[in-house]
Amino acid sequence: MAERIELTFLGTGSAIPTSRRNHPAMLLKYKGENILVDCGEGTQRQFRKAGINPCKITKILISHWHGDHVFGLPGILNTLRLNGYNRKLEIYGPEGSKEWVRKYLDLVGRRGTDLDLKVVEVSSGVIINDEDFFVECEEMDHDCPAVGYSFVVKEKMRLDKDKLVKLKIPNSPLLAELAKGKVVEIGGKKVDGKKLLYKEEARKVSFVMDTRMNENAVNLAKGADLLVCEATFSKEESSELLGERAHLSSVEAAGIAKKAGVKSLALVHLSQRYEGIPKIILGEAREVFEDVIVPEDLESVEL
Ligand SMILES: [Zn+2]
Ligand SMILES: [Zn+2]
C-alpha cells in the first residue's frame, strides 16, 4: 500500500483574513515529512484547530514575502523555540529570503538564534532530492520575487504482498533482495524478484500561489495529481485589475489546470469579497476544468 500524501488547508484566504478564511498556509504530510507551504498570520492557531503539533514541521516552503503569506512565521518560530524544537528547520523561498528570515528572527529576539535554521534561496529546478520524493520550483510573475513549488513522490517498484502470500514467501531479509528484482533461493526454490514487483506510479502536488498568468505555472504543474492554485478574483474582474494586482482569476487558474493536464484542482487565496459566495469562483472555474474544489480552512485531502 502506497504511503499517503495528506494535505491540510490551514488557511484559504488572501490579503485580509475573514472569520471563515485565514491567511494562506498548507501542510503537506508524507511519511516523516511535514512540509508547511506559506505561513500567514495566525497559522499556529490553525495548527491547533487542526489538531496538529507545529513541532512536527520539517520544512517550510515560502512562495513569496508578501505579509499575508509570512506574517505567521515569527510566531511559529517562537513557539518552536519554546517547545524545544531540536531538529534543523529548512526554509526555502525566493531571492531575498535570507535577509527576510534574519529580519523575522530579530522580531523573535536574540533567543531566536537557538533555532537551527537552514535558509535556501531558490528560483527554479529541483531544490530537495530525497530517496522517496523531490521538490522542484519555478519562478512566478508577481510584483516581488515569487516561486511555485511541486512535491513529487518518485515512481517506485514494490513487492506485491498478495503474491508473497500466495507463494508462501516468509518475511525475511531476503525480501529486500527480491525488492531489487534479484533471483533469490528460498526453501530450495529459486524465486525471481522481478516477477513479484509492480510499479507504484509517481504522485505530484503543485502549488501555484500569487502570480499573473504565466507559462511557468503550466510547466510546473504538468501532469500533477493535484494543483493547488490561487484564484483571488472572479472572471468578472477587469484584466487591468488582475494585471495590476498580479493575481489570477478563477478561469485563469482553471486554464492552468487544463493546459497542464492535472487530475484535480483546489482553488485557494480567495479575496474577502467572496467570503460568503465561494460558489461564484467554483462555478466559473468548473466551466473550464471539471474536477475542481474550493476547500474551506482545516479541510484536508489525501492522495
Ligand atoms: Zn497573497
Ligand atoms: Zn502576493
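Reply: In what follows, two residues are in contact when heavy atoms of theirs lie within 4.5 Å of each other. The model is a predicted one, and the account begins with Asn34, which lies in strand E3. With neighbours within four places in sequence left aside, Asn34 is in contact with Leu27, Leu28 and Lys29, and also with Lys56, Ile57, Thr58 and Lys59. The relative accessibility of Asn34 is 6%, and because anything under 20% is classed as buried, Asn34 counts as buried. A polar atom of the Asn34 side chain lies 3.5 Å from the backbone oxygen of Lys56, a residue that is also on the contact list of Asn34.

Strand E3 spans residues 33–39 and runs antiparallel to strand E2, residues 25–30, with 6 bridges joining the two. Within this pairing, Ala25 has Cys39 of E3 as its bridge partner. Both strands belong to an open sheet of 7 strands, whose order is E6-E5-E4-E3-E2-E1-E18 and whose pairing is mixed. The edges of the sheet are taken by strand E6 (117–121) and strand E18 (300–302); each of these has a single partner strand, so one side of each is left without a neighbour in the sheet. Direction ignored, neighbouring strands of the sheet are turned by 20 degrees against each other on average.

Helix H3, made of residues 73–82, lies across E3, E4, strand E5 (89–93) and E6, and it runs at about 145 degrees to E3. Helix H4, residues 97–108, packs on the sheet as well, where it touches E5 and E6, and its direction makes about 145 degrees with that of E6. Helix H3 is largely enclosed by the rest of the structure, because 7 of its 10 residues are buried. Those buried residues are Leu73, Pro74, Ile76, Leu77, Thr79, Leu80 and Arg81. Just after H3, Gly84 takes a positive phi of about 70 degrees.

One of the buried residues of H3, Ile76, is also among the contacts of Thr43, which, apart from neighbours within four places in sequence, touches Leu10, Asn22, Pro24, Ala25, Leu36 and Ile76. Thr43 lies in helix H1, residues 43–49, and with a relative accessible area of 0% it is buried.

The account now moves to the metal ions. The zinc ion (ligand 2) is coordinated by His64 (NE2), His66 (ND1), His142 (NE2) and Asp210 (OD), at 2.1 to 2.3 Å. Along the chain these donors follow the spacing H-x1-H-x75-H-x67-D. The angles among the 4 donor atoms run from 86 to 167 degrees, and the site is irregular. His66, in the loop between strand E4 (59–61) and helix H2 (67–70), and Asp210, in the loop between strand E14 (203–208) and helix H7 (215–221), are 144 residues apart, and this pair links distant parts of the chain.

The zinc ion (ligand 1) has Asp68 (OD), His69 (NE2), Asp210 (OD) and His269 (NE2) as its protein donors, which lie 2.1 to 2.2 Å from it. In sequence these donor residues are spaced D-H-x140-D-x58-H. The arrangement here is irregular too, with angles of 87 to 157 degrees subtended by the 4 donor atoms; a tetrahedral label is excluded because it would require all angles to lie between 85 and 135 degrees. The two zinc ions are 3.6 Å apart, and Asp210 coordinates both. Asp210 and His269, the latter in the loop between strand E16 (264–268) and helix H10 (278–286), tie together parts that are 59 residues apart in sequence, and both residues are buried.

Lys195 has its place in the loop between strand E12 (189–192) and strand E13 (197–200), and with a relative accessible area of 62% Lys195 is exposed. Lys195 and Leu220 are 25 residues apart in sequence, and their C-alpha atoms are 35 Å apart in space.

Conventions
Residues numbered from 1 in each chain as written. Chains lettered and ligands numbered in written order. Predicted model: local features only at pLDDT ≥ 70, side-chain atom pairs only at ≥ 80, totals over all residues. Heavy atoms only, no water. Donors = N, O, S within 2.8 Å, 3.2 Å for Na, K, Ca; no water. Tetrahedral: all angles 85-135°; square planar, octahedral: opposite > 155°, others 65-115°. Helix = DSSP H or I, 4+ residues; strand = E, 2+ residues; numbered from the N terminus. Pairing = 2+ DSSP bridges. Axes fitted to C-alpha atoms, helices over the stretch in contact; angles between N-to-C directions. Buried < 20%, exposed > 50% of the residue type's maximum accessible area, 1.4 Å probe, protein only. Polar contact = N/O pair within 3.5 Å; in protein donor to acceptor, adjacent residues only side chain to side chain.
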